Amino acid sequence: MSTRIEGRVLRRGDYRYESRRREACWHAGVPDRYPEVIVLANNEDDVVAAVRLAREEGLRIAVRSGGHSWSGSHLRDGTVLIDLSNLRHVTVDREAMTGTAQPGIKGSELNAMVAEQNLFFPTGHCTGVSIGGYLLQGGFGWAGRDYGPACMSVTGIDVVTASGERIHADETQNADLFWAARGAGPGFFAVVTRFYVKLYPRMRVTMNSGYFWPASAAQDVYRFVHEIGRRTPTEINLLCCRDPMTDGAPLISLNATAFTDTEEEAREQLSIYESCPARPHVITTRLNEVTDTETLSRYGTDPHYDETKRYLADSMWTHASFDDLWPNFEAMLKTWPPAPSHLVVFNWGGYEGQPERPSMAYSVEDELYYGLYAAWTDPADSLTYTNWVTNHMRAWEPYASGIQLADENLINRPYRFVTDENLQRLDVLRAEWDPDGLFVSWLGRPEPRTAAADTKDSPVAGPSE
Ligand SMILES: Cc1cc2nc3c(=O)[nH]c(=O)nc-3n(C[C@H](O)[C@H](O)[C@H](O)COP(=O)(O)OP(=O)(O)OC[C@H]3O[C@@H](n4cnc5c(N)ncnc54)[C@H](O)[C@@H]3O)c2cc1C
């Protein structure tokens, strides 16, 4: 193993340590957890050397790519934090429609690069998220219903293991490590230094329609989305939030996006939203706009994520009826936190055209995805809003089939993020690949499911192997 670190090594108390620790968490609610050492890796040799440093100093290892974990999962006491934000190299092979990307590159940057060659990768809905954490936890991205979770488009990884070895893993070599890398998220037990990915032809037409209602329309709009979510080929982003300009009463916005070959086809797909029972009560609309995913991210998604605020996120997969979910939602509307706190609903599974899932750790999905995000400024409000999110998500547990690691709140509410079988297999693989327990793991672990709960299992869960 090499010992010299070309990048920076910051120890607790060093000048720049605290600013770098804070930068490792994208929002203002930086957890009070302190790595002993932060290694800003410049290259893969630095990663190997950082693993060795951790062993020599009896410390554990945490890994950061873009720092967009809501919970700051990689900020841990007693660790060497390996910061990969400078590992940003990308290659694109236009002919083969493949690419490679290091984990520090942001999804939006990757997509801008491949777009130059008229290609596309299903990156996240927000411009800031890096691919390191995004691909390991699954990856819920643009056109994701067509391509599946983005980790399905990963064909291989370069990895530094707990023993400091540099290896490649894919379907044919070190296949069990590759299996784990597609879904283990912050519980992955090695450092990924490069992803090998499939790329797709860039969609010819991206068309979006937006509708905005007062909160009084919530019940009708959400029920409508529950009814049509599964059968429409369009992607729905249904959002409840106070108006960010006035912080007034909550508003409901429904944004639907069609990815098609022709504008006519897109208009046809989007026409279903005109039949929403709440249509007559709409405040404003923006219909059939030809756009692209970059614009949708920048103007539609990003304004809800303000790095000067503190955030707590939580989530659930569900196929429950909206009538089951409504009482909790109605209660939430009466106590909605300040803008840009929001509830978002995406349609996802049960869709006819969805691709078959391969065997991978990622294994819990459902028809609809609910993400709940509180955002606040004053640290004195942290307990209030942490409880607001956690307790409202707890109230929905009888209707949930799991959560997504993208928006995990495991420290407050451990809940099922892979099948029990896959969780057990991840434990076995961790013991094999990281026998000394060098890598930190998830901030919380779910209890195994009871037989009764399993009858509510997702109709679209992937293979459990
Ligand atoms: C504003 C915002 C918008 C988001 N939008 C989406 C979205 O549209 N779709 C979606 O699916 N998710 C979304 N997410 C969730 C996001 O994908 C996850 O938080 C993801 O983990 C972030 O990746 P990162 O590299 O930036 O995070 P990091 O915080 O750097 O990484 C998260 C965890 O992954 C592990 N990890 C990261 N890199 C490596 C590596 N190279 N090797 C080993 N382990 C590693 C570490 O355990 C780390 O704690 C969003 C998050 C935010 C804050």
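**Close-up views of the predicted model**

**View 1. The lining of the largest cavity.** The space inside the largest cavity amounts to about 50 Å³. Gln-137, Gly-183, Trp-317, Tyr-362 and Val-364 belong to its lining, together with Ile-403, Gln-404, Leu-405, Phe-417 and Val-418. In total, the structure holds two cavities of 30 Å³ or more.

**View 2. The second largest cavity, with residues from domain 2 and domain 3.** Domain 2 (90-201) and domain 3 (205-407) each contribute at least three residues to its lining. The lining consists of His-125, Phe-140, Gly-141, Gly-144, Arg-145, Glu-235, Ile-236, Phe-346, Asn-347 and Trp-348. At least two lining residues come from each of helix H5 (144-147), strand S13 (235-242) and strand S17 (342-347). Sorted by class, four of the lining residues are nonpolar, four are polar and two are charged.

**View 3. The second largest pocket, between domain 1 and domain 3.** Because domain 1 (8-83) and domain 3 (205-407) both give residues to the lining of the second largest pocket, this pocket lies between them. The second largest pocket holds about 360 Å³ of space. Its lining comprises 18 residues, and those nearest the centre of the pocket are Gly-29, Pro-31, Ser-71, Tyr-311 and Leu-312. Strand S16 (310-318) and helix H11 (382-395) supply at least two lining residues each. The greatest contribution to the lining of the second largest pocket is that of S16, with three residues. Seven nonpolar, seven polar and four charged residues form the lining of this pocket.

**View 4. The open four-stranded sheet.** Four strands form an open sheet in the order S1-S2-S4-S3, and their pairing is mixed. Strand S1 (8-11) and strand S3 (60-64) are the edge strands; each has a single partner strand, so one side of each has no neighbour in the sheet. On average, neighbouring strands of this sheet are turned by 20° against each other, direction ignored. In general, the strands of a sheet pair through backbone hydrogen bonds, in either a parallel or an antiparallel manner.

View 5. S3 and strand S4 (residues 79-83) run parallel and are joined by five bridges. Which residue of S4 is the bridge partner of Ala-62? The partner is Leu-81. Helix H2 (residues 44-57) lies across S1, strand S2 (37-40), S3 and S4. Relative to S4, helix H2 runs at about 175°.

**View 6. The contact of domain 1 with domain 2.** The protein chain is divided into domain 1 (8-83), domain 2 (90-201) and domain 3 (205-407). The centres of domain 1 and domain 2, taken over C-alpha atoms, are separated by 22 Å. To the contact of these two domains, domain 1 brings twelve residues and domain 2 brings 16 residues.

Technical notes. Residues are numbered from 1 along each chain as its sequence is written. This is a predicted model: local features need pLDDT of at least 70, side-chain atom pairs count only at pLDDT 80 or more; totals for chains, interfaces and linings use all residues. Side-chain values use heavy atoms; hydrogens and water are left out. On a 1 Å grid over the protein atoms alone, a cavity is a set of points where a 1.4 Å probe fits but cannot get out, and a pocket is an open set with protein on both sides within 12 Å along at least five of seven lines; lining residues have an atom within 4 Å of a point. Grid points are joined across faces, edges and corners, and a volume is the space filled by probe spheres set on the points. Ala, Val, Leu, Ile, Met, Phe, Trp, Tyr, Cys and Pro count as nonpolar, Asp, Glu, Lys and Arg as charged, and the others, Gly among them, as polar. Domain bounds come from an automatic or database domain assignment. Two strands pair if DSSP finds at least two bridges between them. Axes are lines fitted to C-alpha atoms, for helices over the stretch in contact, and angles run from 0 to 180 degrees between N-to-C directions. Contact means heavy atoms within 4.5 Å.
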